[in-house]
Amino acid sequence: AKALEIVSKTITNQQIQKINFIITLNPDTLNKIRGTSSRIDQHLSSEILAIANNLDISMTSRPNVTLKTNSTIKLRSITIDLSIPDSENNETVIIDNQKQFGTADRNRPYIIVNGRYNHFIENSLITIGRHLDNDIIIESTKVSRHHAQIRLKLDEWVLYDTNSTLGTIINNQPIKEQVLENGDVIEIANNKLIFVDPNKTEGNGLQKFLS
């Protein structure tokens, strides 16, 4: 989003024929991401299209996303090289080359996905499911395309099952809607997601799950 905001301030006609993203991560970070989704490149491309639409940037073709690794990059940090072919002189314009974005705010709630990586909650709505347009993608035929949502409601994070086929479980109990507590274990098919909120006192979700 930050990279596209730079684009929106740089271009004049708000229309891009082609855009290239080279995203560099720590090898361990990339391995964790690819362990959850083998099509992460396509997912990121879809996310970029959605963000561009919100910024009123028109893209006439799907953005190209390339993932690379560099061991000098800190865990959960990335660098983004963004280039747009200049239609007037056919040269490539590099915007914020090697721009580094730091790790997420440590006080921000996050979801531990199958013990592989942390998905930090940055918006008031988080979608979970099998389809690539979800925020948290779980590649399993047992998971519905749009399985569940986490929404901010009256300063509480609430999990909703969105009429999924196999349902959603929190701490061994099937739910349709439930306020999340620190440490709650969410089960979707054979997948386990743990809700962590550093702003709350220690919850008893894990104890309930193990009992």
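Visitor: How many salt bridges does a search of the whole structure find?
Guide: Keep in mind that this is a predicted model. To count as a salt bridge, a side-chain nitrogen of Lys or Arg must lie within 4 Å of a carboxyl oxygen of Asp or Glu. Searching the whole structure with that rule gives a count of four.

Visitor: Which residue forms a salt bridge with Glu122?
Guide: Glu122 sits in the loop between strand S8 and strand S9. Its partner is in the loop between strand S6 and strand S7, 14 residues apart from Glu122. The closest N and O atoms are 3.3 Å apart, and the partner is Arg108.

Visitor: Is Glu122 buried or exposed?
Guide: A residue counts as exposed when its relative accessible area is over 50%. Glu122 has 58% relative accessibility, so Glu122 is exposed.

Visitor: How many residues apart are Lys153 and Glu177?
Guide: The side chains of these two meet in a salt bridge, with 3.7 Å from N to O. Lys153 belongs to strand S11 and Glu177 to strand S15, so the pair links distant parts of the chain. Lys153 has a relative accessible area of 41% and Glu177 has 45%, and both values fall in the partly exposed range, between 20% and 50%.

Visitor: Glu187 forms a salt bridge with Lys192. Is Glu187 buried or exposed?
Guide: The closest N and O atoms of this pair are 4.0 Å apart. Lys192 is partly exposed at 36%. The relative accessible area of Glu187 is 14%, and buried means under 20%, so Glu187 is buried.

Visitor: Which strands stand at the edges of the open sheet?
Guide: Six strands make up this sheet, in the order S8-S7-S17-S16-S13-S14, with antiparallel pairing. Each edge strand has a single partner strand, so one side of it is left without a neighbour in the sheet. The edge strands are S8 and S14.

Visitor: What does the twist average from one strand to the next?
Guide: This twist is the angle taken going from one strand to the next in the six-strand sheet. Its average is 30°.

Visitor: Which residue in S17 stands opposite Val185?
Guide: Strand S16 covers residues 185–188 and strand S17 covers residues 191–196. The two run antiparallel and are joined by four bridges. Opposite Val185 stands Ile194.

Key
Residues are numbered from 1 along each chain as its sequence is written. This is a predicted model: local features need pLDDT of at least 70, side-chain atom pairs count only at pLDDT 80 or more; totals for chains, interfaces and linings use all residues. Side-chain values use heavy atoms; hydrogens and water are left out. Buried means under 20% relative accessible area, exposed over 50%, partly exposed in between (1.4 Å probe, protein chains only). Two strands pair if DSSP finds at least two bridges between them. Axes are lines fitted to C-alpha atoms, for helices over the stretch in contact, and angles run from 0 to 180 degrees between N-to-C directions.
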